[in-house]
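Here are some notes to read beside the model. Please keep the sequence and the 3D view open while going through the points.

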Amino acid sequence: MASPPPQPDPRLFNEDLAPAPERKWGTYSVFALWMSDTHAISNYAFASSLFVLGLPAWEVFLALLAGITIVYWLMNRMGHAGHRTGVPYPVLARASWGVYGANIPALLRAVMAVAWYGIQTWLASTAVVLLAIQVAPGLAAYHHNSFLGLSTLGWASFMLMWGLQAVLLTRGMEFIRKVQDYATGPVVWLVVLALAVYLLVEAGGDISLTRSLTGLSGAEQARESLIAVSLTVATFLTLVLNYADFARFTPDHRSYRRGNLIGLPVNFTAFAVVAVLVTAGTISVFGEAIYDPVKVIEKIDNPVVTVIGALSFIVATIGINVVANFVSPAYDFANLAPKYLNFKRGGLITAVLAVVVLPWKLYSSALVIQYFLGGLGAFLGPLVAILLVDYYLIRRGRIDVDALFAADAAGAYHYRKGYNPKAVLAFVPSAAVSAVLALVPAFGAVAPFSWVFGMGVAGALYYAVSRNGRVVGGAIPDSIIPSQVREVSATPAPAADEVRVAAAEGS
């Protein structure tokens, strides 16, 4: 009698971390995912600021298109691994970091996500304050005091947004898919397009897309364009890192590739075009360049417009929080103790910590943003490089999914006490190089490109120390990797006497 396959170790397994049981994220869902993320106020302001800085509109479009095309390529590479294995980012990282070592990159990603989850929730709450005062002007009296940096109205608005997101986001990935498909993605497009049409009409069509507002020279324009390309990629590296969290739910490779194409190069660039049109329109209509869409709405000074605009940007912030700042730490925290923490509990930890860090104080401190969050961001390039080099150049797509949940010393990804020293060896120096270039003022000229150096050094080091174990030859497979781990986990482990009987029969 054959022995049953080994049970997944409870220290590494739960239903949320196991290979995806259902794959319902088709092309539109992936496209909606990117609408939710790219239609953020921060992306709008980034595109507009390049125009205000002095790049002609057509150069802004080309720079952003070049940057987002690089992002598109990286997302497809990470999507291939996520789709085939069906596991989330922290589990996929076990192949390169070890079954316990994967908590290192997972927690680095989680810390960044918690901070930005809190910041985005607070930014959305400022729109709630604006909306509340517009609807009930008497509430302004509660906006002048301060407790831990927020007024009474500010606290009420922040906790309202916090509670609303907590209720929505802890209902699971399938509910998140439905929300983004029909709400968070499309709604901002409607508002921003309406703003563009309004300003174009008010300006009488007198908007230039070819002149530089500040008269930058050709060399300066070229430098700023390269910086724009690099910063666009850097902005999306967080999602490149944990894109497996979403690609694992796609039914085929075509779904995430088409969704990425429409949602990134096409949609992101189109959104940037509209953002620049709106900003150019504010120069003609209001006599100044305004690259914050909330302030554009305030300038129009119409109660209906204010209410609709505030509601739309509240929805937009929920969208980006779902994609960029909630899903990843929910899985990352669950990966710490799968026996006790699942996706929902990991999400609740994320939400609670987002209040504890007092995000409005983080956001108001340039030092915190630059040295803490900026320093963590410098680690993203090396982390991405190690995952991709391991999957494509070392293993050539050959991953034993069931072994990702095995904690015994003979397991394929146990390495040294559950940690892969080669990943650590590649990460530490490359992250140090990237952080120094990003944070030390003397390297300010190359700071926007720090992720390039970090990624290059990490990739080269990891390949150098791991090349003896690489899989030689053969195309990288496209088929989904078969796994028994979910089925085995649902089967009760045999009792000791049953095992002895089976062994006796086998002998």
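Predicted model: local features only at pLDDT ≥ 70, side-chain atom pairs only at ≥ 80, totals over all residues.

1. Crossing of two helices. Helix H2 passes helix H3 in a right-handed crossing. H2 covers residues 41-53 and H3 covers residues 57-85. Their axes come within 9 Å and cross at roughly 135°. Angles over 145 degrees would count as roughly antiparallel, and 65 to 115 as roughly perpendicular; H2 and H3 are therefore described as oblique to each other.

2. Salt bridges in general. How many salt bridges does the structure hold? The count is five.

3. Arg223 and Glu224. The side chains of these two residues meet in a salt bridge, with an N to O distance of 3.6 Å.

4. Lys299 and Glu288. Here the side chains meet in a salt bridge at 3.2 Å, again N to O. The pair links distant parts of the chain, the two residues being 11 residues apart. Lys299 belongs to helix H12 (residues 293-300), whereas Glu288 sits in the loop between helix H11 (253-286) and H12. Lys299 counts as partly exposed because its relative accessibility is 42%. Glu288, with a relative accessible area of 37%, is partly exposed too.

5. Asp390 and Arg395. A salt bridge joins Asp390 to Arg395, and their closest N and O atoms are 2.8 Å apart. Where the residues of point 4 are partly exposed, both Asp390 and Arg395 are buried.

6. A nonpolar patch. Which residues make the nonpolar surface patch of about 310 Å²? They are Ile104, Tyr419, Val424 and Val428. Ile104 lies in helix H6, which runs over residues 103-135. Its relative accessibility is 33%, so Ile104 counts as partly exposed. A residue needs over 30% relative accessible area to belong to a patch, and Ile104 has 33%.

Conventions. Residues numbered from 1 in each chain as written. Heavy atoms only, no water. Patch = residues over 30% accessible without salt bridge, like charges linked within 9 Å, V, L, I, M, F, W, Y side chains within 5 Å. Areas by Shrake-Rupley, 256 points an atom, 1.4 Å probe, with all protein chains shown as cover. Salt bridge = Lys/Arg side-chain N within 4 Å of Asp/Glu carboxyl O. Helix = DSSP H or I, 4+ residues; strand = E, 2+ residues; numbered from the N terminus. Buried < 20%, exposed > 50% of the residue type's maximum accessible area, 1.4 Å probe, protein only. Axes fitted to C-alpha atoms, helices over the stretch in contact; angles between N-to-C directions. Parallel < 35°, antiparallel > 145°, perpendicular 65-115°, else oblique. Left-handed = near helix turned anticlockwise from the far one by under 90°.
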